[in-house]
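Have a look at the structure first, then read on.

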Amino acid sequence: MLLTSACGDVLNPPPRLGMVKDPESGLQFGSVVERNLVTDASFFQNKNLKVRIRNTSGDRAFDLYGFKTRIEAAYKQAGYQPTSKDNFGLLVDVNVMYSGQIQTNLSKQFGFLGAAAGGLAGATRSDGVAIAAGTIAGATLGSIIGSFITDDTYIIVAKVTFGIVKGGAQRDGKRITFSRSLTGNAEDQEEREERRLRRGFKSTHATRLSVFAGGRNVSQAEIAGQVRSRFVRIIRDII
């Protein structure tokens with residue numbers, strides 16, 4: 001009986017250091033958010049929000065575009081107005097920087113994976129965004145590496161930037177007006193260049209986040225799929 005119990009613990013270990021355990025798959029999850037962005041759609045006059053997805057990780061198998069509609073739907077429920085046109089006043093840029101098996105050097109490459117600390121800062125910022133302390137769900141990356149072999153681990157690291165646009169839609173071109181002279185014998189053509197309204201960011205606020213998981217006797221595809229789903233849920237709640 002003792003041997004059976006011991007084997008069961010090896011195959012299905014209990015949650016470690018506060019890790020979030022999936023009861024069905026037995027996978028244990030951790031996540032780190034470097035900084036929390038605190039804002040609300042009611043703070044902005046132009047609530048049109050554009051979601052941009054980028055993948056600089058080199059992992060061709062990673063496809064966040066399939067989740068884009070889910071992310072936009074969540075932002076719509078939060079009071080924003082997702083758009084793909086150029087009339088947006090807000091931008092959420094998601095850049096996936098790493099996607100793949102956990103490596104021991106990731107904590108050095110992405111220092112925020114080791115811990116998340118800090119306090120409320122700038123709660124009354126004039127642009128409508130406050131910065132709060134980061135959060136850790138479950139243990140840090142080191143406990144995953146120490147618990148599972150590399151083949152049974154997966155991690156996503158991304159940078160999310162929330163930008164507030166200044167100015168209206170950009171217009172470019174020329175306007176030509178005609179006026180008749182006092183004698184009525186000729187027309188004076190006056191060509192005036194239309195004023196070009198330049199757009200840019202009033203402010204940008206960035207945070208990095210990561211979701212990672214480890215398990216035993218499960219396929220890499222299964223781990224990756226569940227990690228991506230949890231990653232998307234965090235992205236939906238980032239603002």
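The accessible surface of the protein chain comes to about 13500 Å², and carbon and sulfur atoms own 49% of that surface. Such areas come from the Shrake-Rupley method with a 1.4 Å probe, and for residues only the protein chains shown count as cover. This is a predicted model, where local features need pLDDT of at least 70, side-chain atom pairs count only at pLDDT 80 or more, and totals for chains, interfaces and linings use all residues. Residues are numbered from 1 along each chain as its sequence is written, and side-chain values use heavy atoms, leaving out hydrogens and water.

**Fold and burial**
- The chain has 5 helices and 10 strands (DSSP runs numbered from the N terminus: helices are H or I with at least four residues, strands E with at least two).
- Of the 239 residues, 39% are buried (under 20% relative accessible area, 1.4 Å probe, protein chains only).

**Aromatic pairs**
- The whole structure holds 2 aromatic pairs (ring centres of Phe, Tyr or the six-membered ring of Trp within 6.5 Å).
- Phe44 and Phe162 pair edge-to-face (planes over 60 degrees apart), with 6.0 Å centre to centre and 70° between the planes.
- This pair links distant parts of the chain, 118 residues apart: Phe44 lies in the loop between strand 2 (28-38) and strand 3 (48-55), and Phe162 in strand 7 (residues 153-166).
- Both Phe44 and Phe162 are buried.
- Tyr75 and Tyr80 also form an edge-to-face pair, at 6.3 Å and 75°.
- Tyr75 is buried, with a relative accessible area of 0%, and Tyr80 is buried at 3%.

Notes: Rings of Phe, Tyr and Trp (its six-membered ring) pair if their centres lie within 6.5 Å; planes under 30 degrees apart count as stacked, over 60 as edge-to-face and the rest as tilted. Buried means under 20% relative accessible area, exposed over 50%, partly exposed in between (1.4 Å probe, protein chains only).
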